[in-house]
Structure formats: C-alpha cells, structure tokens
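Visitor: I am new to protein structures. Could you show me how to read a few features?

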Amino acid sequence: MFAQNKDFKLRIRNAKQVVAICNEKQPYLLGDDMDNILILEDTTILVNLDGNIEIIEKESVLLEDETYNNINIITDINAENYCIVPGLIDTHTHPVWSGDRVNEFSLKLAGASYMEIHEKGGGIGSTVNATKESSEEELLELFKKRI
C-alpha cells in the first residue's frame, strides 16, 4: 500500500471515532445525502505533504500492511479516546452592520430554535433591518470601531 519511506506531514492515530461526511470521495453532499455520514472507529488519518488527507483507515488494517512501518511521519498525534469531526465552519465576517443580537443568547440557552427566535423578531433579520435603518455615517463609525 505504501511506497518505501513515503513521507506524511501528519498522522492522527487511534481516534476513537472519525466522522466522514463525504465517504465516497464526493466533493460535497446535498439534500438527503447529508444524512448519510460515516462514523469510523479506532481510525487513523494520514495527511500528505501537500496537506491533503490521503488515507482514513482503521489502525488495525494499516498495521497489517508491512509497508506501513516504512513511512515517515513529521507530526504524530495519538488521538486515543478522542473523536475527530470535520470543521464545518464558514469563516467569514461582516464588518459593517448595525444592531445586535445579545437578547437571543438567553433564548438559545432556554432551548429556542432559530425559527422560534426569528418569529420573535430576532435572528439575522433583526440586524439586517437595523443596518438598513442606519445612516452611512453611523455604519462608517461602527465599522471604524471594529477594524
């Protein structure tokens, strides 16, 4: 399976569970397919030198392969008793906005759903409306404070 002395940037081994979203190498999932995640147990992840995940496999299967002992690992992490989940984070920001949503925090803590908060006038609609109602001067001043 492995070329002699193959190099890997990272090995995360012995993870109690690894959650794989696209388990058939799809670029993404849509609709009902998003319900079909794969949970692998006692799993190892190998990341190549380009930073791409090359292998996700049970550690026991990898250990059966004689060539596995001939790979070079730059960073090795023992993730025993840990779960690995994809970082499903949309990292973006909106530096220009008005209003706030601090009152929603207590609703969330009380178990309110996003739609329940929206129905009470909260959610993104509240800050969108506050932004529309603000002057350009107000928005500029708010922006300056945030940058």
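This is a predicted model: local features need pLDDT of at least 70, side-chain atom pairs count only at pLDDT 80 or more; totals for chains, interfaces and linings use all residues.

Visitor: How many aromatic pairs does a search of the whole structure find?

Guide: A pair of aromatic rings is described by the distance of the centres and the angle of the planes. Here the search finds 0 such pairs.

Visitor: Which charged residue sits over the ring of Trp97?

Guide: That is Arg146, with its charged end 3.3 Å from the ring centre.

Visitor: Which residues make up the largest nonpolar core?

Guide: It has 7 residues: Phe2, Phe8, Leu46, Ile55, Leu62, Tyr68 and Ile71. There is also a second, separate core of 6 residues, with Ile12, Val18, Ile45 and Ala79 among them.

Visitor: What does Ile55 touch?

Guide: Leaving aside residues up to four places away in sequence, Ile55 touches Met1, Phe2, Thr44, Ile45, Leu46 and Leu62.

Visitor: Is Glu104 buried or exposed?

Guide: Buried means under 20% relative accessible area. Glu104 has 2% relative accessibility, so it counts as buried. Glu104 belongs to helix H2, residues 104-109, and its contacts beyond four places in sequence are Ile117, Gly122, Gly123 and Ser126.

Visitor: And the largest pocket: what is its volume?

Guide: About 600 Å³. Its lining has 22 residues, and the closest to the centre are Ala20, Ile21, Cys22, Asn23 and Ile56. Strands S1, S2 and S3 each supply at least two lining residues, and S3 gives the largest share, 4 residues.

Technical notes
Residues are numbered from 1 along each chain as its sequence is written. Side-chain values use heavy atoms; hydrogens and water are left out. Rings of Phe, Tyr and Trp (its six-membered ring) pair if their centres lie within 6.5 Å; planes under 30 degrees apart count as stacked, over 60 as edge-to-face and the rest as tilted. A charge sits over a ring if NZ of Lys or CZ of Arg is within 6 Å of the ring centre and within 35 degrees of the ring normal. A nonpolar core is a set of buried Ala, Val, Leu, Ile, Met, Phe, Trp, Tyr and Cys residues joined through side-chain atoms within 4.5 Å. Buried means under 20% relative accessible area, exposed over 50%, partly exposed in between (1.4 Å probe, protein chains only). Contact means heavy atoms within 4.5 Å. On a 1 Å grid over the protein atoms alone, a cavity is a set of points where a 1.4 Å probe fits but cannot get out, and a pocket is an open set with protein on both sides within 12 Å along at least five of seven lines; lining residues have an atom within 4 Å of a point. Grid points are joined across faces, edges and corners, and a volume is the space filled by probe spheres set on the points.
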